[in-house]
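Dear colleague,

I am handing over to you the structure shown below. My findings follow it, and I would ask you to read them with the structure open.

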Amino acid sequence: MIVPMDHVDGILAQWSREKPELDVSPMAVIGRLGRAAAFVDARLAVTFARHGIDAATFDVLATLTRQGSPYELTPAQLASDAMITSSAVAQRLNRLESLGFVSRHPDPVDGRGKIVRLTPAGREIVERVLPDHLETEREVLAPLSAVDRATLAELLSRLVTGRSDGDGEPR
């Protein structure tokens with residue numbers, strides 16, 4: 001079976017021609033990871049736009065929703081969970097608060113801090129967007145079998161955690 005070349009295959013062929021002494025095989029994975037992330041982000045952006053939000057908005061609202069009632073976190077916890085900087089969280093929270101999707105309250109544990117709480121309007125957005133978001137993710141993954149998806153999820157988990165598969169070699 002002949003597998004059609006993708007853009008990364010073309011890049012690898014060019015590098016192999018120009019720098020035959022170098023092992024360019026890492027580019028096969030890293031290049032495709034970057035292209036896959038851009039593809040997924042673009043598809044999800046269309047879904048979010050249909051609901052009048054963006055990925056950053058959904059990320060914060062979904063993070064709060066996943067906490068369960070009373071749907072709240074400190075800004076630092078939000079930053080950690082969403083893997084963004086505290087300044088990015090502050091900007092997002094200002095916007096989301098002005099839209100009525102979150103509210104901020106004094107932190108009962110740390111009188112100087114704040115607690116961010118999802119409002120009913122914020123919960124409604126997540127309830128409305130989440131099914132479409134998941135359907136878009138299913139569509140993106142449609143070319144992969146269930147076994148392929150499970151394997152890919154495991155491999156990506158190893159990549160981001162640095163875990164090995166038990167052979168002593170980090171992945």
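I begin with helix 4, in which Leu78, Ala79 and Ala82 are buried. Seen down the axis of helix 4, these buried residues fall within an arc of 100°, so they line one face of the helix. An α-helix has 3.6 residues a turn, so residues three or four places apart point the same way. The other side of helix 4 carries Ala76 and Ser80, which are exposed.

Against what do the buried residues of helix 4 pack? Their partners are helix 3, strand 1 (72-73), helix 5 and strand 3. After helix 4 comes Met83, which has a positive phi, near 55°.

Please note that this is a predicted model. The protein chain has a mean pLDDT of 91, and 94% of its residues reach 70 or more. Helix 4 is where confidence is lowest, with a mean of 89, whereas helix 6 has the highest, at 97.

With neighbours within four places in sequence left aside, Leu61 is in contact with Leu96, Phe101, Val102, Leu118, Gly122, Ile125 and Val126.

Is His51 buried or exposed? Its relative accessible area is 13%, which is under the 20% limit, so His51 counts as buried. The His51 side chain makes a polar contact, at 3.3 Å, with the side chain of Arg128. Not counting residues up to four places away in sequence, His51 touches Arg128, Val129 and Asp132.

Finally, there is the database annotation. UniProt, in an unreviewed entry, lists residues 26-161 as "domain: HTH marR-type". In the model, this span is 71% helix and 9% strand, and its end C-alpha atoms lie 18 Å apart.

Yours sincerely

How values were computed
Residues numbered from 1 in each chain as written. Predicted model: local features only at pLDDT ≥ 70, side-chain atom pairs only at ≥ 80, totals over all residues. Heavy atoms only, no water. UniProt positions renumbered as here; feature names shortened; annotations may be inferred. Helix = DSSP H or I, 4+ residues; strand = E, 2+ residues; numbered from the N terminus. Contact = heavy atoms within 4.5 Å. pLDDT = per-residue confidence, 0-100. Buried < 20%, exposed > 50% of the residue type's maximum accessible area, 1.4 Å probe, protein only. Polar contact = N/O pair within 3.5 Å; in protein donor to acceptor, adjacent residues only side chain to side chain. Arc of directions from axis to C-beta.
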